[in-house]
Amino acid sequence: MLSFKSVLATIIAGALTCHASAQAQVFSLKPKTLDEVEAAQQAAKDSAEFEFLGTLSRLCLLPPSRSEDLSDKTPAYVEVPSSAPARSTWYGDPAKVFDQFYFVGGKVHSSWALKTSEGIILFDTIYPYNSEELIIGGLQKLGLDPKDIKYVIISHAHQDHIGGAEMIQKRYGARVVMSEPDWSLVERLPNRFKTMAPKRDIVAVDGMKITLGESTVTLWFTPGHTDGTQSFTFQVTDRGRPVNVVYSGGTALVYEWTLPEWSIKNLETYIASQRHLAEKAKETGASVLISNHSEFDSAYNKTRMLAGRGEGAHPFENGADWVQRYFKVTENCARATQLKVQQSFTPMR
Ligand SMILES: [Zn+2]
């Protein structure tokens, strides 16, 4: 006996066959492309589980920020400091995260300090309007002296990470480390980086090591978010036990529907960078993934979880397998987006 479902399927199949003869190319191309997009998104979701939901939703689901605004315009919060976002939207307490690694960021953006016997290596510097309170004030609250900052390593030249670099270079004489494409970006846009632009100093290249005291940070060239984004691997200790860290320097996808060929290439660069950093994380046995946005590593929440840790596991220590999964999320979301861009300009017939 024929069920209702099978009768319905027969009717639909018949209708599709008739239609397909007229528009064969439409039917052969579009569903296949959609399948590939969904497969990449599903792979990202499977990798993220509940651990990297912020990364998954920003890269795979939410309307992304897309392309970069490269106009040389002074930001409103520099022109009119009172127009900066309210403190309540960004303030977060500083925290000691590992024996020598400190969170001096806020709710949204992060800055990190690695303390050594010879001084401090600072990673990223948030905005000009909150670097004073979060970084300088945060270090002091934690019993550290900002005068000890010897290196400022900037992951990439966007205002939410380079904002305090000029101030720290001028005030404390710290060396600033950034890659060539991002030094050039800052120099090309003097108004855009007004009050934020450090003088050109150390030019980072892939595999370069910055050593201070007993700590060494290895820099990895991971372009795609900006042309010069860099990421890092280094070691910290947790109650004396060595723990390897990978710091991902740039995460959001950068592309533009109106520039499909450039976008596809840039996303390819991004994917290659995710693979490169995943490889270095694997080689170093990284079991902790650190970001400069709480959205991607839950730093703001996890620093508060530390207070109730007791003898339990370290909230930042995901384990090496989870660190690898993070890079599968970023890679697959970038791939899904790349396919969508491709689909947007592929002729349908
Ligand atoms: Zn950025």
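Student: Which residue stands opposite valine 177 in β6?

Tutor: Isoleucine 153 does. Keep in mind that this is a predicted model.

Student: What makes β5 and β6 a pair?

Tutor: Pairing takes at least two DSSP bridges between the strands. Strand β5 (residues 149–153) and β6 have three, in the parallel sense. So they pair, by the at-least-two rule.

Student: How do you know that β6 pairs with β7?

Tutor: Three bridges join β6 to strand β7 (residues 202–204), and the two run parallel. The rule asks for at least two, so β6 and β7 pair. Serine 179 stands opposite alanine 204 in β7.

Student: Why is β6 called mostly covered?

Tutor: A residue is buried if 20 or more other C-beta atoms lie within 10 Å of its own. In β6 (residues 175–179), four of the five residues are buried.

Student: What makes a right-handed β-α-β unit here?

Tutor: β6, helix α9 (residues 180–188) and β7 make it. With the strands pointing away from the viewer, a right-handed path over the helix runs clockwise.

Student: Why do β8 and β12 stand at the edges of the open sheet?

Tutor: The order is β8-β9-β10-β11-β12, with mixed pairing. β8 (209–212) and β12 (288–290) each have a single partner strand, so one side of each is left without a neighbour in the sheet. The twist averages 25° from one strand to the next.

Student: How do you know that β9 and β10 pair?

Tutor: Four bridges join β9 (residues 215–221) to β10 (residues 230–238), and the strands run antiparallel. At least two are needed, so the pair qualifies. Leucine 219 stands opposite phenylalanine 232 in β10.

Key. Residues are numbered from 1 along each chain as its sequence is written. This is a predicted model: local features need pLDDT of at least 70, side-chain atom pairs count only at pLDDT 80 or more; totals for chains, interfaces and linings use all residues. A residue is buried if 20 or more other C-beta atoms lie within 10 Å of its own, exposed if 12 or fewer, and partly exposed in between; C-beta atoms are placed from the backbone. Axes are lines fitted to C-alpha atoms, for helices over the stretch in contact, and angles run from 0 to 180 degrees between N-to-C directions.
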